Amino acid sequence: MPRLPLPRTRGTRLTTLALVVVVLVAAGLLWSRNGDEPVAVKTQEATIDVPAAPGSADRVQLDATLYTPEKTPAPAILLPHGFGGDKNSVASDARELTQRGFVVLTYSARGFGRSTGKIGLNDPDYEVADGQRLLDYLATRPEVRTENGDPKVGVTGGSYGGALALLLAGRDKRVDAIAPMITYNDLGQGLVPNAATTGPVATTPAAGAFGKDGVFKRSWAGIFFSAGSGARSGSSGDPGMEAPEPGDETDNSSQGGSGQSGGASAPAGAPQQGGPPSPPAADPCGRFTEQLCQAYTELATTGRASQQTMDMLTRLSPASVTGSITAPTLLVQGENDTLFGLDQSDATARQIAAAGGKVSTIWYTGGHDGGRPGPQLRARIADWLSFQLTGNGKDPGTGFGYDIQGTLQANGTPSVRAVEAAGYPGLGGGGTERRPVALSGEPQNIVNPPGGNPASVSGMPGLNGLLSGSSRLSGLFGRDPDGQSARFTSAPVTSQLLITGASTVKLRVSATTTAGRTPTDAALFVKLYDVGPDGARTLPSNAIAPIRVSGLAADGTPSEVTVTLPGIVRPIEAGHSLQLVVSTTDQAYSPSLEPAAYRVSLAGGELSVPVVPGTAVSTGWPVGQVLGIAGVLVLAVLVGLGAAVRRRRAHQVDAELAEVPMVISDLTKSYPGGLVAVNQLSFRVEPGQVLGLLGPNGAGKTTTLRMLMGLIKPSGGDIRVFGHRITPGAPVLSRIGSFVEGAGFLPHLSGEQNLKLYWDSTGRPLDKAHLAEALEIAGLGDAVKRKVRTYSQGMRQRLAIAQAMLGLPELLVLDEPTNGLDPPQIHQMREVLQRYAATGRTVVVSSHLLAEVEQTCSHVVVMHRGKLVASGEVGDIVAAGGEATFRVDQPEAAATALRAVGGVSDVDIEGNLVHADLDGLPRSEAVATLVHAGVSVEQAGPRRRLEDAFLQLVGEDSSS
């Protein structure tokens with residue numbers, strides 16, 4: 001049997017390995033697709049007439065589509081869409097459910113898509129009655145399984161559609177199971193949250209306990225009112241981006257807006273409807289009923305709701321029927337949802353369970369801000385519905401599952417792990433384990449500005465999920481203005497603290513008399529930040545608790561307030577702290593327009609944090625994907641081994657050089673074409689030195705500095721800073737301050753603002769910048785408060801030096817710092833550098849001003865054509881030649897005596913100074929010759945300047 005030829009060269013081995021990986025990936029993909037061909041789905045369009053109102057002869061037409069599987073009769077699923085969508089918004093979900101064996105009915109609610117009628121926000125007399133007519137329609141279809149004449153039917157949907165599922169189940173016993181997602185319990189609580197109860201207590205109330213003095217959630221309400229009042233337009237049917245799930249391997253962030261399964265597609269954009277475009281309504285109410293339009297106008301113009309409005313919102317809410325729901329219920333709520341938070345599903349779960357209903361609860365990483373359920377969760381919901389409607393599969397019971405989204409990311413997708421608990425303990429009720437976290441902070445005064453502007457920013461409704469992927473972007477949309485917010489911070493936690501639910505805290509709030517007026521209530525916004533060791537703050541889920549504290553005493557006596565914060569799932573890592581912020585404003589809510597001042601302090605000094613222990617759930621092993629990943633990993637490991645070895649060598653620390661600022665050894669940088677910019681360069685810099693790097697144009701000075709800063713890679717040799725080898729992005733670079741090839745500043749900002757902006761970009765706390773020390777050394781004085789556009793060139797240079805000095809780096813590297821300065825400015829810059837070196841740090845300066853280097857630097861390195869030609873103390877370099885100067889009492893006699901000495905030349909007289917080239921003759925012998933000739937010598941020393949030494953070292957062609 002002939003032997004197979006094996007690749008012998010390195011190149012052929014790598015090519016063979018790549019081919020093997022491709023084959024493995026292809027095999028994995030084929031394996032994963034085998035047997036997963038989609039089941040055929042039939043669709044049938046229908047127009048269903050329903051009464052326009054109870055007892056009315058007028059009709060409303062609902063545009064519907066019936067999806068049927070291959071095998072019928074089968075249980076049915078009624079699938080309503082989210083607000084702003086239509087039946088096309090849930091088409092992909094309908095197909096998935098049909099492929100699981102269900103008959104699915106989708107439709108456009110009245111006022112949306114091709115359906116006629118006005119939007120009543122799931123009014124029992126309109127949209128809920130429409131749902132009952134749709135159940136009648138399903139009962140007549142032969143494709144639908146029936147029992148005793150009633151259809152076997154479940155209802156699922158997101159947001160607006162999820163509320164319809166709850167309302168329909170509470171009013172029609174033909175509904176056998178419901179799975180509402182990211183929906184509300186009470187619109188009053190959802191749109192006017194955390195209203196004050198009797199007395200100065202602000203909590204998250206149970207549904208129905210709110211009052212008319214809540215805080216209006218104007219941004220979200222405005223988004224949805226706009227979606228229902230504008231013109232209809234064609235729908236793409238795109239259900240929106242999916243939330244990350246356990247085991248995700250791809251980045252879903254490019255999939256569009258923050259929609260949800262059957263939910264409000266792209267709530268932050270322009271919600272889409274099906275059907276031909278039509279002109280907008282003539283009045284501002286658009287497609288809303290007149291009653292709803294009046295209620296929104298009241299809220300939007302006054303920021304408060306009358307009791308009549310609150311009663312109406314209660315009537316339109318699932319809270320009005322949860323006590324009557326007997327159908328098994330699966331509540332799916334998003335952990336990233338500033339519209340309908342976890343408190344909404346919590347209230348629904350408690351109310352149904354209290355009435356004897358059977359409830360399961362799932363919290364997942366999405367929501368109106370975070371995305372629709374992903375394929376794993378949608379499959380889990382379908383399995384749950386299958387068991388409830390057919391009895392097939394395992395009884396899911398009434399357990400509780402939640403997802404934990406970590407901070408690590410793979411391919412742009414956050415890491416997610418799923419946890420299951422034995423039962424649902426409630427958002428923060430007695431069944432939840434609670435842990436105290438001590439907070440510290442003195443009582444603080446905060447003000448509400450006139451008109452509530454400028455306001456704090458906690459995020460952008462509907463866009464929070466997209467912004468959360470970038471700390472830089474999320475930081476741009478989150479701020480708490482000074483003077484308007486009080487802060488209370490914990491010590492760093494010693495081990496991971498997993499917050500699962502709603503934390504609580506007790507505060508004391510008192511009113512301060514301003515301009516003769518003392519406010520009787522306060523609208524406050526409370527939020528809990530996760531603060532990293534570097535001071536970077538993250539607001540989990542962008543969630544805040546708006547509260548209105550009523551009954552404040554006119555004499556300033558503080559009122560104690562219990563605040564329930566929004567429910568979150570957030571792992572607080574070891575070394576991180578919690579920071580409670582209490583603000584007077586937030587741009588997402590209607591502000592208090594009157595100026596006011598308050599004093600806020602802790603009552604009890606601790607935060608009560610909920611923890612729900614559970615068991616991590618495995619997501620299973622997709623064999624095909626694993627094979628493909630394994631192949632890629634094989635290649636990655638082989639490629640990474642070499643990189644790891646190089647990286648390991650690069651990060652090895654030479655202990656003997658740990659205290660040495662810089663050592664350059666055999667440094668070489670060459671370019672294609674034979675150009676060698678730096679050639680076998682070696683020198684060493686000691687602590688406290690001011691080293692001048694000298695050389696004519698093209699000597700390689702800037703190239704050397706760029707390699708020192710890790711901006712370009714050397715072709716050979718290495719650079720070590722404090723024992724660490726320099727590589728691009730090496731951590732030791734944080735110990736170097738640099739100013740190479742000029743600095744850019746924003747001219748419309750002051751020097752101080754420019755420095756703070758630069759420091760903020762490093763991500764380090766401001767107190768580590770040593771801003772005052774850097775400015776003092778730079779000597780800018782009060783000019784640092786002026787805009788940079790008014791600066792002279794010298795001031796700009798000193799500002800650049802101050803920027804390089806931020807953080808007081810141990811090694812300061814400056815490229816031509818005196819470039820363009822006049823003599824007085826150069827003198828000032830010399831003092832700046834010498835003062836900095838006097839602090840025990842080290843300065844490396846590249847310059848072509850030889851006289852200035854001679855006065856500023858203690859040591860020099862001279863380069864020419866990429867090579868080292870001399871290095872050492874300035875005095876030693878200057879004195880290395882044979883020229884000498886003598887101060888004498890008889891210049892003529894001295895000159896005659898020196899000319900008589902063999903080898904001595906170029907004897908010149910300058911006043912009482914005599915200059916001569918001794919040509920190797922020791923100065924002591926020349927002094928003895930002069931004394932022997934009767935000449936008194938007052939002083940003898942080298943004549944040359946650094947410039948003379950430089951010209952001799954590099955040659956007369958240095959300008960070339």
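I checked D530 and R570 to begin with: both are buried (under 20% relative accessible area; exposed is over 50%, partly exposed in between, with a 1.4 Å probe and protein chains only). The two form a salt bridge, with the closest N and O atoms 3.0 Å apart. I count a salt bridge when a side-chain nitrogen of Lys or Arg is within 4 Å of a carboxyl oxygen of Asp or Glu. D530 sits in strand β17 and R570 in strand β20 (residues 559-572), so I noted a link between distant parts of the chain, 40 residues apart. Helices (H or I, at least four residues) and strands (E, at least two) are DSSP runs, numbered from the N terminus.

A note on the source: this is a predicted model, where local features need pLDDT of at least 70 and side-chain atom pairs count only at pLDDT 80 or more, while totals for chains, interfaces and linings use all residues. Residues are numbered from 1 along each chain as its sequence is written, and side-chain values use heavy atoms, leaving out hydrogens and water.

Next I looked up R548 and D521, which are also bridged, at 3.7 Å between the closest N and O atoms. Both of these residues are buried.

How many salt bridges does the structure hold? I got 30. One of them pairs D383 with R100, the closest N and O atoms being 2.1 Å apart. D383 lies in helix α10 (375-390) and R100 in the loop between α2 and β4, so this pair ties together parts 283 residues apart in sequence. D383 is partly exposed at 43%, and R100 is partly exposed at 40%.
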